[in-house]
Amino acid sequence: MANLIRRAVAQTSDWRTYELETKLLDPPVLKVKLRPLDAFDLADAMPEDGRLAKGSMVLEGAVAAIVEWDLAEAGKPIPIDPGTKLAVLRPLMAEKVKDRKELLAQAIFIDARDEGTFLGN
């Protein structure tokens, strides 16, 4: 008989801070809460023809992982909903994260795939 092992994994991360090399944010810091990405999320991002499009998969995964943000426009918080989420995030996702090798989409994708991001929250 197999014993089920459960870890105390949070459904969302603590606030994650990404300092960007960008002129699209003032200050150039994005704070978000993430949800974990798993193999099912990656399968959902696969095109129907089965050909892997890494850029699209990373972008879709990173956007899907963000469940809360601290973004505002003209001092008014921007609601995070499906209608605005991709439009707001798409330009930021290609920006370089300071002190990391990755672009923002890649950094978020990596962090959302890392179980350690969600342990002990």
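V67 lies in strand β3, which spans residues 66-69, strands being DSSP runs of E with at least two residues and helices runs of H or I with at least four, numbered from the N terminus. The model is a predicted one, in which local features need pLDDT of at least 70 and side-chain atom pairs count only at pLDDT 80 or more, whereas totals for chains, interfaces and linings use all residues. Residues are numbered from 1 along each chain as its sequence is written, and side-chain values use heavy atoms, with hydrogens and water left out.

V67 counts as partly exposed because its relative accessibility is 34%, a value between the limits for buried (under 20% relative accessible area) and exposed (over 50%), computed with a 1.4 Å probe and protein chains only. When residues up to four places away in sequence are not counted, V67 touches T12, K33, L34, R35 and I80, contact meaning heavy atoms within 4.5 Å.

E102 is placed in the loop between β6 (96-97) and α4 (104-113). The side chain of E102 makes a polar contact with that of R100 at 2.9 Å; such a contact is a pair of N or O atoms within 3.5 Å, of which, within protein, one must be able to donate a hydrogen and the other to accept it, and residues adjacent in sequence count only if both atoms are side-chain atoms. Leaving aside neighbours within four places in sequence, E102 is also in contact with K96, V97, A107 and I110.
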